[in-house]
Amino acid sequence: MAAATTPAVSELKPKTSPSGPVPFDFSQPPVIEGFNPLPRLKDETFKEKFMRKTKENPFVPIGCLGTAGMLIFGLRAFNQGKTRQSQLLMRGRIFAQGFTVVAIIFGVFTAAVKSK
């Protein structure tokens, strides 16, 4: 059997990559043709952004709360064995989800019209 040999120190040096153009500089954002980002005046906190978005389109949070409320009460009724009430609340949840989706689409449409 041949004894295993360790590589010499000169063989352990990392190979250098050829110098050439770097495909992407991770320290800078990518350049997207036709996109001019607006400078940020200041960074928003989560609460500030939530309040701004709620004022822009108040129906989305209302729909989300309605959906969550219907779901919670529907699951509670299902757990208590009230099948009729559970079914009605689940149908209400579907209605509330639809309302939320329509509110989102309406908000996107109004934002697009407002920006023109």
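Let's start with the aromatic pairs: a search of this whole predicted model turns up two of them.

Select F46 and F50 to see one. Their ring centres sit 6.3 Å apart and the planes make an angle of 20 degrees, so this pair is stacked; the cut-off for stacked is under 30 degrees. Now show helix α1, residues 46-56: F46 and F50 are four residues apart in this helix, about one helical turn. F46 counts as exposed, at 70% relative accessibility, while F50 is partly exposed at 43%.

Next, pick F59 and F99. How are these two rings arranged? They are edge-to-face, with 90 degrees between the planes and 6.2 Å from centre to centre. Colour the helices and you'll find F59 in helix α2 (residues 59-80) and F99 in helix α3 (residues 83-115), so this pair ties together parts that are 40 residues apart in sequence. F59 is partly exposed, with a relative accessible area of 43%, and F99 is partly exposed too, at 35%.

On to charged side chains. The whole structure has two salt bridges. Select R52 and E44: their closest N and O atoms are 2.8 Å apart. Which helix holds E56 and R52? Both lie in helix α1, four residues apart, or about one turn.

Now view E44, R52 and E56 together: they are linked in a network of salt bridges.

How values were computed: Residues numbered from 1 in each chain as written. Predicted model: local features only at pLDDT ≥ 70, side-chain atom pairs only at ≥ 80, totals over all residues. Heavy atoms only, no water. Phe/Tyr/Trp six-rings, centres within 6.5 Å; stacked < 30°, edge-to-face > 60°. Helix = DSSP H or I, 4+ residues; strand = E, 2+ residues; numbered from the N terminus. Buried < 20%, exposed > 50% of the residue type's maximum accessible area, 1.4 Å probe, protein only. Salt bridge = Lys/Arg side-chain N within 4 Å of Asp/Glu carboxyl O.
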